[in-house]
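Here is a short briefing on one protein model and its ligand. Look at the sequence and the structure first, then read the points below.

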Amino acid sequence: MRIVLMGPPGAGKGTQAAVVAKELNIPHISTGEIFRANVGAGTELGVEAKKYMDKGEYVPDSVTNAMVADRLAQPDTENGFLLDGYPRTLEQVGELDVILVGLGTPLDKVVEITANTEEVIARLLNRAKLEGRADDTEEVIRRRMEVYAEQTEPLTAVYREEGKLIQVDGMGSVEDVTARLLSALSA
Ligand code: B4P
(Lines give C-alpha, C1' and ligand atoms only; values in the text may rest on other atoms or scores of the structure.)
Protein backbone atom coordinates (compact mmCIF):
# COMPACT_ATOMS: atom_id res chain seq x y z
CA MET A 1 0.00 0.00 0.00
CA ARG A 2 1.29 3.46 -0.90
CA ILE A 3 -0.39 6.01 1.32
CA VAL A 4 -0.16 9.75 1.95
CA LEU A 5 -1.34 11.10 5.29
CA MET A 6 -2.45 14.74 5.43
CA GLY A 7 -4.04 16.95 8.03
CA PRO A 8 -3.54 20.25 9.86
CA PRO A 9 -0.78 20.52 12.48
CA GLY A 10 -1.92 18.64 15.58
CA ALA A 11 -4.55 16.53 13.79
CA GLY A 12 -2.57 13.43 14.74
CA LYS A 13 -0.59 12.62 11.59
CA GLY A 14 2.64 11.60 13.26
CA THR A 15 0.81 9.84 16.08
CA GLN A 16 -1.39 7.79 13.75
CA ALA A 17 1.24 7.21 11.07
CA ALA A 18 3.48 5.36 13.51
CA VAL A 19 0.70 2.92 14.45
CA VAL A 20 -0.73 2.45 10.96
CA ALA A 21 2.67 1.88 9.31
CA LYS A 22 3.47 -0.77 11.90
CA GLU A 23 0.08 -2.43 11.41
CA LEU A 24 0.52 -2.49 7.61
CA ASN A 25 4.23 -3.38 7.82
CA ILE A 26 5.37 -0.48 5.62
CA PRO A 27 7.95 2.24 6.38
CA HIS A 28 6.71 5.47 7.99
CA ILE A 29 8.33 8.42 6.23
CA SER A 30 7.78 11.74 8.01
CA THR A 31 9.39 14.77 6.39
CA GLY A 32 8.97 16.68 9.67
CA GLU A 33 10.87 13.96 11.53
CA ILE A 34 13.65 13.81 8.94
CA PHE A 35 14.03 17.59 9.23
CA ARG A 36 14.07 17.47 13.05
CA ALA A 37 16.69 14.69 13.01
CA ASN A 38 18.87 16.85 10.76
CA VAL A 39 18.33 19.92 12.95
CA GLY A 40 19.35 17.83 15.98
CA ALA A 41 22.47 16.55 14.23
CA GLY A 42 23.38 20.04 12.97
CA THR A 43 23.70 18.96 9.32
CA GLU A 44 23.66 21.46 6.44
CA LEU A 45 20.06 20.37 5.66
CA GLY A 46 19.11 20.86 9.32
CA VAL A 47 20.58 24.37 9.48
CA GLU A 48 18.61 25.31 6.34
CA ALA A 49 15.33 23.67 7.49
CA LYS A 50 15.47 25.26 10.96
CA LYS A 51 15.27 28.76 9.49
CA TYR A 52 11.78 27.97 8.20
CA MET A 53 10.45 25.51 10.78
CA ASP A 54 11.02 27.83 13.74
CA LYS A 55 8.77 30.42 12.05
CA GLY A 56 6.06 27.91 11.10
CA GLU A 57 6.86 28.23 7.38
CA TYR A 58 7.41 25.38 4.95
CA VAL A 59 10.94 24.39 4.02
CA PRO A 60 11.48 25.28 0.30
CA ASP A 61 10.14 22.72 -2.17
CA SER A 62 13.53 22.23 -3.84
CA VAL A 63 15.05 21.07 -0.55
CA THR A 64 12.08 18.92 0.51
CA ASN A 65 11.56 17.28 -2.90
CA ALA A 66 15.18 16.20 -3.22
CA MET A 67 15.08 14.70 0.26
CA VAL A 68 11.90 12.70 -0.48
CA ALA A 69 13.15 11.50 -3.89
CA ASP A 70 16.21 10.15 -2.14
CA ARG A 71 14.19 8.46 0.62
CA LEU A 72 11.69 6.83 -1.79
CA ALA A 73 14.58 5.34 -3.79
CA GLN A 74 15.57 3.20 -0.78
CA PRO A 75 14.75 -0.53 -1.18
CA ASP A 76 12.51 -0.73 1.93
CA THR A 77 9.77 1.20 0.05
CA GLU A 78 9.34 -1.52 -2.60
CA ASN A 79 6.24 -2.99 -0.94
CA GLY A 80 4.72 0.35 0.01
CA PHE A 81 5.15 3.30 2.33
CA LEU A 82 3.24 5.78 4.42
CA LEU A 83 4.22 9.37 3.66
CA ASP A 84 3.44 11.61 6.64
CA GLY A 85 3.39 15.34 5.92
CA TYR A 86 4.38 15.16 2.25
CA PRO A 87 3.22 16.48 -0.19
CA ARG A 88 2.24 19.81 1.39
CA THR A 89 2.27 22.10 -1.69
CA LEU A 90 0.98 21.77 -5.26
CA GLU A 91 4.57 21.72 -6.49
CA GLN A 92 5.29 18.78 -4.16
CA VAL A 93 2.23 16.96 -5.57
CA GLY A 94 3.72 17.31 -9.07
CA GLU A 95 7.14 16.15 -7.92
CA LEU A 96 5.70 13.14 -6.10
CA ASP A 97 3.88 12.15 -9.31
CA VAL A 98 7.15 12.34 -11.23
CA ILE A 99 9.00 10.28 -8.59
CA LEU A 100 6.28 7.60 -8.55
CA VAL A 101 6.06 7.40 -12.35
CA GLY A 102 9.83 6.87 -12.32
CA LEU A 103 9.45 4.06 -9.81
CA GLY A 104 6.38 2.64 -11.61
CA THR A 105 4.38 2.70 -8.37
CA PRO A 106 1.24 4.89 -8.28
CA LEU A 107 -0.25 6.17 -5.02
CA ASP A 108 -3.16 4.11 -3.66
CA LYS A 109 -4.80 6.39 -1.10
CA VAL A 110 -4.56 9.85 0.41
CA VAL A 111 -5.99 10.19 3.90
CA GLU A 112 -6.85 13.57 5.39
CA ILE A 113 -7.26 13.59 9.18
CA THR A 114 -9.65 16.39 10.13
CA ALA A 115 -9.89 18.12 13.53
CA ASN A 116 -11.20 21.43 14.78
CA THR A 117 -8.84 24.37 15.28
CA GLU A 118 -9.27 24.86 19.03
CA GLU A 119 -8.65 21.15 19.69
CA VAL A 120 -5.45 21.06 17.62
CA ILE A 121 -4.11 24.23 19.26
CA ALA A 122 -4.78 22.70 22.70
CA ARG A 123 -2.96 19.47 21.69
CA LEU A 124 0.07 21.35 20.39
CA LEU A 125 0.28 23.60 23.46
CA ASN A 126 0.16 20.46 25.56
CA ARG A 127 3.00 18.93 23.50
CA ALA A 128 4.94 22.19 23.99
CA LYS A 129 4.79 21.58 27.75
CA LEU A 130 5.85 17.93 27.39
CA GLU A 131 8.46 18.14 24.64
CA GLY A 132 9.36 21.82 24.24
CA ARG A 133 9.32 21.74 20.42
CA ALA A 134 10.51 25.10 19.04
CA ASP A 135 7.55 25.39 16.64
CA ASP A 136 4.86 24.69 19.28
CA THR A 137 4.50 28.23 20.66
CA GLU A 138 1.00 29.71 20.22
CA GLU A 139 2.19 32.33 17.71
CA VAL A 140 4.00 29.78 15.53
CA ILE A 141 1.13 27.26 15.81
CA ARG A 142 -1.30 29.89 14.46
CA ARG A 143 1.08 30.62 11.57
CA ARG A 144 1.37 26.85 10.82
CA MET A 145 -2.43 26.66 10.69
CA GLU A 146 -2.56 29.58 8.21
CA VAL A 147 0.16 28.03 6.04
CA TYR A 148 -1.74 24.73 6.05
CA ALA A 149 -5.00 26.44 4.98
CA GLU A 150 -3.26 28.44 2.24
CA GLN A 151 -0.84 25.90 0.80
CA THR A 152 -1.96 22.38 1.77
CA GLU A 153 -5.75 22.38 2.07
CA PRO A 154 -6.09 22.95 -1.73
CA LEU A 155 -4.35 19.59 -2.31
CA THR A 156 -7.42 17.72 -1.08
CA ALA A 157 -9.36 18.90 -4.17
CA VAL A 158 -6.66 17.44 -6.43
CA TYR A 159 -6.74 14.04 -4.74
CA ARG A 160 -10.55 14.04 -4.51
CA GLU A 161 -10.64 14.59 -8.28
CA GLU A 162 -8.31 11.59 -8.71
CA GLY A 163 -10.65 9.49 -6.54
CA LYS A 164 -7.93 8.85 -3.95
CA LEU A 165 -9.04 11.03 -1.04
CA ILE A 166 -10.45 9.58 2.17
CA GLN A 167 -11.37 11.88 5.09
CA VAL A 168 -11.14 10.55 8.62
CA ASP A 169 -12.40 12.35 11.73
CA GLY A 170 -9.40 13.00 14.00
CA MET A 171 -11.40 13.99 17.08
CA GLY A 172 -11.60 11.64 20.06
CA SER A 173 -9.04 9.28 21.56
CA VAL A 174 -5.90 8.13 19.69
CA GLU A 175 -7.30 4.56 19.69
CA ASP A 176 -10.65 5.64 18.23
CA VAL A 177 -8.93 7.56 15.43
CA THR A 178 -6.64 4.58 14.66
CA ALA A 179 -9.66 2.28 14.40
CA ARG A 180 -11.39 4.71 11.99
CA LEU A 181 -8.24 5.01 9.89
CA LEU A 182 -7.62 1.27 9.58
CA SER A 183 -11.23 0.65 8.71
CA ALA A 184 -11.20 3.43 6.05
CA LEU A 185 -7.99 2.03 4.53
CA SER A 186 -9.32 -1.51 4.31
CA ALA A 187 -12.65 -0.44 2.76
P1 B4P B 1 5.42 17.88 11.14
O2 B4P B 1 6.45 17.13 11.85
O3 B4P B 1 4.66 17.14 10.09
O4 B4P B 1 4.47 18.50 12.28
P5 B4P B 1 2.92 18.64 12.53
O6 B4P B 1 2.18 19.09 11.31
O7 B4P B 1 2.77 19.48 13.75
O8 B4P B 1 2.34 17.23 12.85
P9 B4P B 1 2.81 16.10 13.86
O10 B4P B 1 2.71 14.89 13.04
O11 B4P B 1 4.08 16.34 14.51
O12 B4P B 1 1.80 16.18 15.07
P13 B4P B 1 0.52 15.29 15.37
O14 B4P B 1 -0.54 15.94 14.56
O15 B4P B 1 0.69 13.82 15.21
O16 B4P B 1 6.04 19.19 10.45
C17 B4P B 1 6.80 20.12 11.18
C18 B4P B 1 7.39 21.20 10.26
O19 B4P B 1 8.32 20.59 9.31
C20 B4P B 1 6.42 21.95 9.34
O21 B4P B 1 5.77 23.01 10.01
C22 B4P B 1 7.39 22.43 8.22
O23 B4P B 1 8.12 23.55 8.60
C24 B4P B 1 8.33 21.27 8.05
N25 B4P B 1 7.87 20.34 7.00
C26 B4P B 1 7.46 19.05 7.19
N27 B4P B 1 7.09 18.49 6.03
C28 B4P B 1 7.25 19.46 5.06
C29 B4P B 1 7.01 19.51 3.67
N30 B4P B 1 6.50 18.45 3.00
N31 B4P B 1 7.29 20.65 3.01
C32 B4P B 1 7.80 21.70 3.64
N33 B4P B 1 8.03 21.75 4.96
C34 B4P B 1 7.77 20.63 5.68
O35 B4P B 1 0.32 15.44 16.95
C36 B4P B 1 0.30 16.64 17.63
C37 B4P B 1 0.07 16.42 19.14
O38 B4P B 1 -1.26 15.98 19.36
C39 B4P B 1 0.97 15.37 19.78
O40 B4P B 1 1.43 15.86 21.01
C41 B4P B 1 0.06 14.16 20.00
O42 B4P B 1 0.43 13.41 21.13
C43 B4P B 1 -1.29 14.82 20.19
N44 B4P B 1 -2.39 13.99 19.72
C45 B4P B 1 -2.46 13.31 18.55
N46 B4P B 1 -3.65 12.67 18.44
C47 B4P B 1 -4.36 12.97 19.58
C48 B4P B 1 -5.68 12.63 20.05
N49 B4P B 1 -6.51 11.84 19.33
N50 B4P B 1 -6.07 13.13 21.24
C51 B4P B 1 -5.26 13.93 21.96
N52 B4P B 1 -4.00 14.28 21.58
C53 B4P B 1 -3.56 13.82 20.39
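A polar side-chain atom of Gln92 lies 2.9 Å from a nitrogen atom of the ligand. That is a polar contact (a pair of N or O atoms within 3.5 Å; within protein, one must be able to donate a hydrogen and the other to accept it, and residues adjacent in sequence count only if both atoms are side-chain atoms). The protein covers 88% of the 1000 Å² of accessible area that the ligand has on its own, by the Shrake-Rupley method with a 1.4 Å probe; for residues, only the protein chains shown count as cover.

The model is predicted: local features need pLDDT of at least 70, side-chain atom pairs count only at pLDDT 80 or more, and totals for chains, interfaces and linings use all residues. Residues are numbered from 1 along each chain as its sequence is written, and side-chain values use heavy atoms, with hydrogens and water left out.

**Ligand site**
- The ligand is surrounded by 29 residues (each with a heavy atom within 4 Å).
- The closest are Gly12, Thr31, Glu57, Arg88 and Arg144.
- A backbone N or O atom of Glu57 lies 2.8 Å from a ligand oxygen atom.
- For Thr15, a backbone N or O atom lies 3.1 Å from an oxygen atom of the ligand.

**Salt bridges**
- The structure holds 13 salt bridges (a side-chain nitrogen of Lys or Arg within 4 Å of a carboxyl oxygen of Asp or Glu).
- In one of them, the side chains of Glu57 and Arg143 meet at 2.8 Å, N to O.
- This pair links distant parts of the chain, 86 residues apart.
- Glu57 sits in the loop between helix 3 (44–53) and helix 4 (61–72), and Arg143 in helix 7 (138–152).
- Helices (H or I, at least four residues) and strands (E, at least two) are DSSP runs, numbered from the N terminus.

- An open sheet of 5 strands runs in the order 2-3-1-4-5, with parallel pairing (at least two DSSP bridges between two strands).
- Strand 2 (28–30) and strand 5 (165–169) each have a single partner strand, so one side of each is left without a neighbour in the sheet.
- Strand 2 pairs with strand 3 (81–84) in the parallel sense over 3 bridges.
- Ser30 stands opposite Asp84 in strand 3.

**Loop details**
- The peptide bond from Tyr86 to Pro87 is cis, with omega near 0 degrees.
- Pro87 lies in the loop between strand 3 and helix 5 (90–103).
- Asn25 is not a glycine, yet has a positive phi of about 60 degrees.
- Asn25 belongs to the loop between helix 1 (13–24) and strand 2.
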